[in-house]
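Q: Please take a close look at the inside of this model. I would like one connected account, with the criteria spelled out.

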Amino acid sequence: MLQVKLIITGDDFGYCPRRNQGIVECFLAGAVSNVSLLVNGSAAADAAKLARRYNIPIGLHANLSEGSPVCEVLKTNSSLLNQDGFFHGKMGFRTALSKGLLNMSEVKQELKAQVELFQELTGHLPPHMDGHQHVHVLPEVRHVFAEVLEEYGIKYTRVPIEPGLQNCDWIPPSLMDFYLGVEEDSFNTVDVFTKHGIRWPDIYIGLSTMGRNMSVSSVRSAIDSAVLQLSAGAPRSSAAIELMVHPGYPSVPPVGGCGEGPDDFSQSWERLHELQTLIKPELQSHYKSRNIQLCSFKDL
């Protein structure tokens, strides 16, 4: 029987104390096996301490789109900032990039500063590094991102190509357009990351099961489809899946965020909904029945 390793990554660790609390609870309940740290998050130092205390596997959630940069020289005069002095935002970053307004040497500078701060906070380099709001697979950025990973010897990342995404008719059209854009960018990133010797799990899940769309049955079904796809391929003894999740207790303004307060996503009831779904015993027993072992990137 195929041995499947499942990495359940809690994104946005460090965003606010309530997000940290929820992610730690999920980890202790065996519902999350790995976390991704926002080093410019308002509760990043606290998150790093919690990871040490509970021995939580932790990587870097590189952020170029929300809040403030961590690189001192980029905090005042930089192509990465809008007129209010913050990052351009999820869609604003993409617009600025498409207009050729972003300086890639500043992108590299900020990514390196985030790796250095991660090391300062945790005492080690990140075993894996991905991008907040999937900025790491965008044109131009993907090349700089890959160079930084190779430079620091960071072996693993995330490539958000989710099998069967186009058939998920419960996802609203506007969101689906964004997701399909992320998927297209990801397909175009594969060769770049491969060339730099960077690896990622065999299958990614997380767009179709996010927020209100997360349920025991949606997670179970996504995992079963992934296992089926892996089993149908060339014979192998083991394979890895990453499930991206965003559990936590909703942020309460003004606490939280990455420099400009918490956003709607973090204040939403959907954070708690994910937490409550992930800790359900039915999911844990499903993993066992499918010979699925929860792990982190260090275990690959």
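How many disulfides does the structure hold?

A: The structure holds zero disulfides. A disulfide here is a pair of cysteine sulfur atoms within 2.5 Å. This is a predicted model, so local features need pLDDT of at least 70 and side-chain atom pairs count only at pLDDT 80 or more, while totals for chains, interfaces and linings use all residues. Residues are numbered from 1 along each chain as its sequence is written, and side-chain values use heavy atoms, with hydrogens and water left out.

Start with the cysteines. The closest cysteine sulfur to that of C16 belongs to C258 and lies 9.9 Å away, which is too far for a bond. C16 is buried, at a relative accessible area of 1%. Buried means under 20% relative accessible area, exposed means over 50%, and partly exposed is in between (1.4 Å probe, protein chains only). C71 is in no disulfide either; its nearest cysteine sulfur, again that of C258, is 16 Å away. C71 is also buried, with a relative accessible area of 11%.

The largest nonpolar core has 76 residues. Such a core is a set of buried Ala, Val, Leu, Ile, Met, Phe, Trp, Tyr and Cys residues joined through side-chain atoms within 4.5 Å. F13, L37, L111, M129 and I241 have the most contacts inside the core. Helix α4 (residues 104-122) supplies its largest share, eight residues. Helices (H or I, at least four residues) and strands (E, at least two) are DSSP runs, numbered from the N terminus. A second, separate core has 11 residues, among them L165, Y179, V182 and M244.

Leaving aside neighbours within four places in sequence, I241 is in contact with V4, K5, L6, I7, P201, I203, I205, A226, V227 and L230. Contact means heavy atoms within 4.5 Å.

L149 sits in helix α5 (residues 141-152). With 0% relative accessibility, L149 counts as buried. Beyond its neighbours within four places in sequence, L149 is in contact with M129, I154, Y156, T157 and I198. M129 is one of the residues with the most contacts inside the largest core. The C-alpha atoms of L149 and G123 are separated by 17 Å, with the two residues 26 apart along the chain.

H286 belongs to helix α11 (residues 281-289). H286 is buried too, at 8% relative accessibility.

A search of the whole structure finds one cavity of 30 Å³ or more. On a 1 Å grid over the protein atoms alone, a cavity is a set of points where a 1.4 Å probe fits but cannot get out; a pocket is an open set with protein on both sides within 12 Å along at least five of seven lines; lining residues have an atom within 4 Å of a point. Grid points are joined across faces, edges and corners, and a volume is the space filled by probe spheres set on the points. The largest cavity has a volume of about 30 Å³. R158, V159, W200, P201, I203, Y204 and E242 line it. By class, that lining has five nonpolar, no polar and two charged residues. Ala, Val, Leu, Ile, Met, Phe, Trp, Tyr, Cys and Pro count as nonpolar, Asp, Glu, Lys and Arg as charged, and the others, Gly among them, as polar. P201 and I203 are also among the contacts of I241.

The largest pocket has a volume of about 560 Å³. Of its 30 lining residues, K90, L175, Y179, M210 and F265 are the closest to its centre. Y179 is also part of the second core. β1 (3-13), α6 (173-187), α9 (264-267) and α10 (270-278) each supply at least two residues of the lining. α6 gives the most, with three.

Last, the backbone. The peptide bond from P253 to P254 is cis, with omega near 5°. P254 lies in the loop between β6 (238-245) and α9. N55 has phi near 55°, a positive value in a residue other than glycine. N55 is in the loop between α2 (44-54) and β3 (58-62), and at 61% relative accessibility N55 counts as exposed. Q133 also has a positive phi, near 60°. Q133 is in the loop between β4 (129-131) and α5.
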